[in-house]
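Okay, thanks for coming, everyone.

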Amino acid sequence: MINASEKIWMDGRFVDWNEATVHVLTHSLHYGLAVFEGIRCYKGPGGSTIFRLQDHVNRLFESAHIMALSVPYSKKEVIDAIVETVRVNRLESCYIRPLLYVGYGEMGVYPGHNPIRLAIAAWPWGAYLGEEALAQGIRAKVSSYARHHVNVAMTRAKLSGYYVNSILAKCEAKNAGYEEAILLDTEGYVSEASGENVFIVKRGVLQTTPLTSILEGITRNSVLQLARENQIPVVEERFTRDAMYVADEVFLTGTAAEITPVREIDDRVIGQGQRGPLTETLQRLFFQIVHGQDSAHAAWLTPV
Ligand code: PPE
């Protein structure tokens, strides 16, 4: 069950958690046209800070732009509302979910002049795949479902409707006893996991999927930047599922999942079957930053 907080920001004002409701004929609920973000706030020595808030808000606006939804607020107003949502709920570390959606009005596929509404919720949310997953790694399964074709879905947008594909893959993997699903693109190359980007390590080189069929993850971008800063060679080139099987290390990145090692894929042990050394180094660098222990990346943190 979700760890409820007190207030949710809805269309410019705070309402009680349990009062944050919509009409059942809300357009987005029927047709899936809604864009959202997932953002984390972490506790640090100088108080809580939100990780890469500006970048998340930029992506929210880009998602809206791709979907031709006009956001009835400025970026500054959205940033302020997000900070305020964490503040009024007195949360030290939390997950933040802004959702821009098409409200009640007309029915039918054409969204017409229905209101565009924004909600921002924040609640405490621990390690997405469990604390143990961060240290020990997870078991993943390549999905029988393909990730979206570029002419079907514009994956630069973080669109609610796209997650039906993620849910199918995730349920299939969980029902078969795995913790996460890795999806291939329609050409058969590795795309992304149900809610994370995928990285492999081979002979010291870090490789990740290029920006074709995937969401441009902010954690992915952070890991690439950290690797470059630490002279770790990186390539953004597509790879096949067997390249994962024979990789030295595989890990997933996402705001919710952070940096999660993968120790097994399709019943093949990856590397030593445990978190690899490069994964551990990147985790350490990442967690130092988000917890405010690395002044070189202070620009990524917005104080609450
Ligand atoms: N791909 C997908 C499909 C995805 O959903 C996410 C985030 C990423 C990549 C990584 O993006 P980023 O968070 O910017 O590094 N998934 C979000 C939703 C998870 C959920 O179950 O809800 C997240 O991690 O917040």
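Before anything else, what do I mean by a pocket? Working on a 1 Å grid over the protein atoms alone, a pocket is an open set of points with protein on both sides within 12 Å along at least five of seven lines, and its lining residues have an atom within 4 Å of a point. Please keep in mind that this is a predicted model, where local features need pLDDT of at least 70 and side-chain atom pairs count only at pLDDT 80 or more, while totals for chains, interfaces and linings use all residues. Residues are numbered from 1 along each chain as its sequence is written, and side-chain values use heavy atoms, with hydrogens and water left out.

Helix 5 gives the largest share, five residues. The volume is about 740 Å³, meaning the space filled by probe spheres set on the grid points, which are joined across faces, edges and corners.

Where does the largest pocket lie? Domain 1 (7-123) and domain 2 (131-290) both give residues to its lining, so this pocket lies between them. Those domain bounds come from an automatic or database domain assignment.

On to the second largest pocket, at about 390 Å³. Strand 1, helix 1, strand 6 and strand 7 each give two or more residues to its lining. That lining counts 18 residues, with Ala20, Val22, Leu99, Tyr101 and Ala119 nearest the centre.

Now the ligand. Which residues are closest to the ligand? They are Tyr95, Tyr128, Tyr163, Thr219 and Thr255, out of 21 that surround it, counting a residue if one of its heavy atoms lies within 4 Å. The side chain of Tyr128 has an N or O atom 2.5 Å from an oxygen of the ligand. Thr219 puts a polar side-chain atom 2.6 Å from a ligand oxygen, and for Thr255 the distance from a polar side-chain atom to a ligand oxygen is 2.6 Å.

Next, Glu180, in strand 9 (residues 180-184). Is Glu180 buried or exposed? Buried, because its relative accessibility is 0%, and buried means under 20% relative accessible area, exposed over 50%, and partly exposed in between, with a 1.4 Å probe and protein chains only. Its side chain makes polar contacts with the side chains of Lys170, at 3.2 Å, and Ser194, at 2.6 Å. A polar contact is a pair of N or O atoms within 3.5 Å; within protein one must be able to donate a hydrogen and the other to accept it, and sequence neighbours count only if both atoms are side-chain atoms.

Arg90 is not a glycine, yet has a positive phi of about 50°. Arg90 sits in the loop between helix 3 and strand 6 and, at 61% relative accessibility, is exposed. Glu258, also not a glycine, has a positive phi of about 55°. Glu258 belongs to strand 15 and is buried, at 6% relative accessible area.

Conventions: Helix = DSSP H or I, 4+ residues; strand = E, 2+ residues; numbered from the N terminus. 1 Å grid on protein atoms, 1.4 Å probe; cavity = no way out; pocket = protein on both sides within 12 Å on 5 of 7 lines; lining within 4 Å.
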